Amino acid sequence: MRFLALGINHKTAPVAMRERVAFTPAQLEAASLQLRNHQSIKEVAILSTCNRTEIYSLVEAGDVRPVLDWLSQFHALPIEDVARYSYVHEDQAAIAHIMRVASGLDSMILGEPQILGQIKDAYDAAKKENLLGSGLEQLFQQVFATAKRVRTETGIGANPVSVAYAAVSLAQRIFTDLKTSQALLIGAGETIELVARHLKNAGVTRMVIANRTVVRAQALADEMQGTAVALSEIPHQLEKADIVISSTAAPLPILGKGMVERALKVRRHKPIFMVDIAVPRDIEPQVGELDDIFLFTVDDLKEVIEENLAARREAAEQAEELISASVQEFLRSLRIRDSGRMIRNFRQQAQLLAEAELALAMNQLDQGQDAREVMQKLCRSLTNKWLHHPTLKIREASAENRNDLLEAASELLNLDNQPTDQS
């Protein structure tokens, strides 16, 4: 049996292809039924996200093709197309790949944490459908433990690299204490939601959300314990805002130079920190010319993002070392498990032999033979029978000059540590 990781991701395929091989929840159920009855695929779990579809499986030795065939047939795609965009990792490489994916080292955004939860969901779904055996079960537990170590010991997630975080990071450089600042957020989309959460984590307690649709702004404001207003309220709110971060889909600027100048007069030229995340821009470039305005655009955030990415890349190097050690630890555990059957067979043979000799000795005692003589016979007989096969194989190995077997026998039988006969 061999471990296999077959997939298509953002590095190997365009989104059009990734969409075609992705699995919906309903498709995952149908796929589980097929895989459970597949002769060559013994254990399997399917990971399907917007950026990757991967199949983790335990297959018969040398039988890799069935997984690729099954994936193409399930989605009714030409095998050539699937093969063109896919990658395959086997055994040790597959184990390392799954650990790298779970740790965020193979993600579009280095170190992103969501992928670990998605792999756990894939594991739970496979377990629910009885698609896991002892092989993948043991592997997933090692993967989860490794990903946790990467998170806690390398700090790969300690330096966020999103635009939203970069905006808040810049604000923290401008203001020594954000707890006394009031923020005006323009828009209510995903980016502004992230900005709001980062600001709240940084200590901002006064937050105003301005949006074209007030109802949507209200939902975010309720979560942040802030206030929701319409875009028409921006001039009034601007007078009280220390931080302004904007991200809308408006075709024209929302904040003009004149509006900001009027707000500064009311504020008696108390500075305002502004970040325009929108493309096209929400804030007129001329606003940045005002003395009491610190205006940053998406391009200005790249420096902050690159700094954090550099820190993540350094952490990723440490993570790779952890993963390499974890792979070897897992392989060692597999080898120990595989030796269990051999050890059981060996002990069973010895036990059966001992029981047979003991039965013979007990019978001799029942017949009245001398106990001392019976015990001596038992000892000689057990010794001769236990050592017969190893002795025969040692002689054959010596005759054939098999030094490798002779060295192994010496180590297994602990001959190097035995006292030599001085007689």
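The protein chain of this predicted model exposes about 23,700 Å², of which carbon and sulfur atoms supply 52%; accessible areas come from the Shrake-Rupley method with a 1.4 Å probe, and for residues only the protein chains shown count as cover. Of the 423 residues in the chain, 43% are buried, where buried denotes under 20% relative accessible area, exposed over 50%, and partly exposed the range in between (1.4 Å probe, protein chains only). Local features need pLDDT of at least 70 and side-chain atom pairs count only at pLDDT 80 or more, whereas totals for chains, interfaces and linings use all residues. Residues are numbered from 1 along each chain as its sequence is written, and side-chain values use heavy atoms, with hydrogens and water left out.

The secondary structure comprises 15 helices and 10 strands, assigned as DSSP runs (H or I of at least four residues for helices, E of at least two for strands) and numbered from the N terminus. The radius of gyration is 34 Å, well over the 22 Å that the globule rule gives for 423 residues, so the chain is more spread out than a compact globule; this radius is taken over C-alpha atoms, and the rule is 2.2 Å times the number of residues to the power 0.38. Along the principal axes, the C-alpha atoms fill a box of roughly 120 × 55 × 45 Å. Among contacts (heavy atoms within 4.5 Å) with a separation of 6 or more, 69% involve residues 24 or more positions apart. The mean positions of the 47 positive and 56 negative charges are 3 Å apart. For this calculation Lys and Arg count as positive and Asp and Glu as negative, while His and the chain ends are not counted; charges are placed at NZ of Lys, CZ of Arg, CG of Asp or CD of Glu.

Strand β1 (residues 2-9) is mostly covered, with 8 of its 8 residues buried. In a regular strand the side chains alternate between the two faces of the sheet. In β1, Arg2, Leu4, Leu6 and Ile8 point one way and Phe3, Ala5, Gly7 and Asn9 the other way. Strands are taken to pair if DSSP finds at least two bridges between them. Strand β1 is joined by 8 bridges to the antiparallel strand β3 (residues 52-59), with Asn9 opposite Arg52. A further antiparallel pairing, of 4 bridges, links β1 to β4 (residues 87-90), and here Ala5 stands opposite His89.

Strand β1 is also among the elements that cover the buried residues of helix α3, together with α2 (25-36), β2 (41-48), β3 and α4. Helix α3 is largely enclosed by the rest of the structure, because 7 of its 10 residues are buried; these are Pro66, Val67, Leu68, Trp70, Leu71, Ser72 and Phe74.

Elsewhere, β8 (residues 243-246) likewise has buried residues on both sides: Ile243 and Ile245 point one way and Val244 and Ser246 the other way. Strand β8 pairs in the parallel sense with β5 (residues 182-186) over 4 bridges, where Leu184 stands opposite Val244. Another 4 bridges join β8 to β9, and these two strands run parallel; the bridge partner of Ile243 in β9 is Phe273.

Most residues other than glycine have a negative phi, and most peptide bonds are trans. Just after α3, Ala76 takes a positive phi of about 55°. Ala76 is found in the loop between α3 (65-74) and α4 (79-85) and is exposed, with a relative accessible area of 66%. Asn130, which is not a glycine either, has a positive phi of about 60°. Asn130 lies in the loop between α6 (114-128) and α7 (134-154) and is exposed at 61% relative accessible area. A cis peptide bond, with omega of about 0°, joins Val279 and Pro280; Pro280 belongs to the loop between β9 (272-276) and β10 (293-297).

Val374 is located in helix α14 (residues 371-399) and counts as buried, at 1% relative accessibility. Leaving aside neighbours within four places in sequence, Val374 is in contact with Ala361, Gln364, Leu365 and Gln369. The C-alpha atoms of Val374 and Ser246 are separated by 96 Å, the two residues being 128 residues apart along the chain.
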